[in-house]
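Dear colleague,

I am passing on the structure below, and the notes that follow set out what was found in it. Please read them alongside the coordinates.

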Amino acid sequence: MAAEFKEAPAGASAGEKLLTWVDNRFPASKLYKEHLSEYYAPKNFNWWYIFGSLALVVLVIQIVTGIFLVMHYKPDAALAFASVEYIMRDVPWGWLIRYMHSTGASAFFVVVYLHMFRGLIYGSYRKPRELVWIFGCGIFLCLMAEAFMGYLLPWGQMSYWGAQVIVNLFAAVPFVGPDLALLIRGDFVVGDATLNRFFSFHVIAVPLVLLGLVVAHIIALHEVGSNNPDGVEIKGPKAPKDAKGHPLDGVPFHPYYTVHDIYALSLFLMVFTSIIFFAPELGGYFLEYNNFIPADPLKTPAHIAPVWYFTPFYSMLRATTDTMVNVLVGIIGLSALLAVIKGSFSSKAKLAVLVIAAAACFLLKIFDAKFWGVVVMGGAVVILFFLPWLDHSPVKSIRYRPDWHKHVYAVFVVFFLVLGYLGIQPPTDIGTLIAQIGTIFYFGFFLLMPWWSKLGTPKAVPDRVTFHAH
C-alpha cells in the first residue's frame, strides 16, 4: 500500500516545499533523523571515537583522487610508469592528486588500525555488536587487497618485485598452488596481464565490495547503537530513558559529535597536508625510493619488503621457518601429553586429544614451511573475525578488567609494532628469532583468550555511563 503524500504547511518557504516534495518520494528527512539528529550516542565518548569518522573521510579522499588519477593513468606495462611520471610532471596539480592518494593509503591504515584497537580495548566486538565487528574486519581485508593491488600500479621496482614475491607465495599452496599463482598473474611471470587484472580489481571490483561493507557496517552499528568506554548499554530495556524514550545517557549525534568530529578532522588534515607538502615519501615508508625506478625484471632490488602497513604480517610470514615448525610440533605434543596426564576428562576425550595432536603434527611436518608461512600470514587476519567468541571476560571494557590485562594488551601492541619494524628490515638471525616470539605471542593472545580473559577479578561496572563535562 502506497504511503500518503504529506503537504507542505501554509506559508512554507521554497526550500521547505522542495524538501516535502523529496520526502514524499525519498526518505531524506527520515534518514537524517535516524542516523544523525535522532541517533543517540553515549555522552561519554572520548578521543578514541574519532577514527571511524576519519576513516570515512579518508575513503572519500581515496575515491575522489583515484577518479582523477584514472583519467591519466595507462594500465599497460610499457606505459604505466611513464603515465605516473606524466601525472606528476605535466598534469596540472597532478603531483598533488597523486600524493594525496599515496599519503591517503597510509593514512587509511593508520586510522583503521587505531579504530580497531579502540574496539579491542573497549570490547566493541561483544554482544550485540558481533556483526558490526565482522563487517569491520571485512572492510580491513578489502582494504588490504585494495592497497596491495594499487601498490603494483606505479610499475616501479618495488611494485614489480613486491608483487612477484607475494603472488609466488600462492604457489606454495598444496596441489593447486601453481595453477592458482598462474590464475592471479594471468601469465607465467608478473607482466602486462597481471597489471590489467590488478587495475580492474583496484578500480572497480574491490571498491564496490568495500563501499557495500562500509554501508553494512554503519547500518549494523546504528541498529544496535554505539559502544562506549564503560561498556554500558544506553539503549537496553533497563537503561534509563526520558518521557520520549530517548536514553538519558545519550546525546544526538548531530550536532554534538559532528562538531567533535569536525574539530578532530581539522587536526587530522593539518598533519595530512603537512606530510603531503613537506614529506610525501616520509623517509621511504609511505613511498619507497626504489619505486621511483622503472620496473626491471632483470634487476632484483637488494631488499624486497612491502609497505609499512603490511610488514607485521610479512614478518610473520618470514618467521615461519622449519625451526619454528619444529617448535610448534613440540608445543602441540607437550600440550597434548600434559592434557592427557593431568586432565580430568574421560579416556575417550584423552584419546581424541592425542589423535588431534598427532594429526596436527603430521600436517605441520608433511607440508613445506613456506606454505605454513602463507597460512600464518592469512590466519593473522582471519582470526580477528572470531574475536567476539574468543573473549570470555565478564566485562567489556578494559577500564573494569583486572589491571594486569592492560599489561597483556600493552605487550600485544609492542610485539605488533616490533613485527612491523622487523618486516621493513633485511632478515637477520636475531630479527627472525624476535619475529618468531612475536608471532607466537600474537596467536597466543587470541587463541588463549578464552582462558586468560576469565582470569582475575573484574572491577564493578557502573549502572550508567561515567561522564564528566569538559
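Which residues of α11 are buried (under 20% relative accessible area, with exposed meaning over 50% and partly exposed in between, for a 1.4 Å probe and protein chains only)? They are Thr311, Pro312, Phe313, Tyr314, Ser315, Met316, Leu317 and Ala319. Helix α11 covers residues 311–319, and because eight of its nine residues are buried, it is largely enclosed by the rest of the structure.

Before going further, please note that this is a predicted model, in which local features need pLDDT of at least 70 and side-chain atom pairs count only at pLDDT 80 or more, while totals for chains, interfaces and linings use all residues. Residues are numbered from 1 along each chain as its sequence is written, and side-chain values use heavy atoms, with hydrogens and water left out.

The mean pLDDT of the protein chain (the predictor's confidence in each residue, from 0 to 100) is 91, and 99% of the residues score at least 70. Among the elements of the chain, the lowest mean, 85, belongs to helix α13 (residues 347–366), and the highest, 97, to helix α5 (residues 94–122).

As for the overall architecture, the protein chain contains 18 helices and two strands, these being DSSP runs numbered from the N terminus (H or I over at least four residues for helices, E over at least two for strands). Its C-alpha trace spans about 80 × 70 × 50 Å along the principal axes, and of its 470 residues, 45% are buried. Where contacts (heavy atoms within 4.5 Å) join residues at least 6 apart in sequence, 79% of them link residues at least 24 apart.

A search of the whole structure finds one cavity of 30 Å³ or more; here a cavity is a set of points, on a 1 Å grid over the protein atoms alone, where a 1.4 Å probe fits but cannot get out, and its lining residues have an atom within 4 Å of a point. The largest cavity holds about 30 Å³ of space, the volume being that filled by probe spheres set on the points, which are joined across faces, edges and corners. Its lining consists of Phe81, Val84, Glu85, Arg98, Pro154, Asn291 and Phe292, and helix α4 (residues 80–89) gives the most to that lining, with three residues.

Two cis peptide bonds deserve a check. One runs from lysine 127 to proline 128, with omega near 10°, and proline 128 sits in the loop between α5 and α6 (130–152). Another runs from histidine 254 to proline 255, with omega near 15°, and proline 255 lies in helix α10. The backbone oxygen of proline 255 is reached at 3.0 Å by the side chain of threonine 258, a residue that also lies in helix α10 (residues 253–278) and counts as buried because its relative accessibility is 17%. Leaving aside residues up to four places away in sequence, threonine 258 touches Leu36 and Phe253.

Positive phi values occur as well. Tryptophan 93, although not a glycine, has a phi of about 65°; this residue is in the loop between α4 and α5 and, at 59% relative accessibility, counts as exposed. For leucine 282, phi is near 50°; leucine 282 lies in the loop between α10 and α11 and is partly exposed, at 33% relative accessibility.

With best regards

Terms used:
1 Å grid on protein atoms, 1.4 Å probe; cavity = no way out; pocket = protein on both sides within 12 Å on 5 of 7 lines; lining within 4 Å. Polar contact = N/O pair within 3.5 Å; in protein donor to acceptor, adjacent residues only side chain to side chain.
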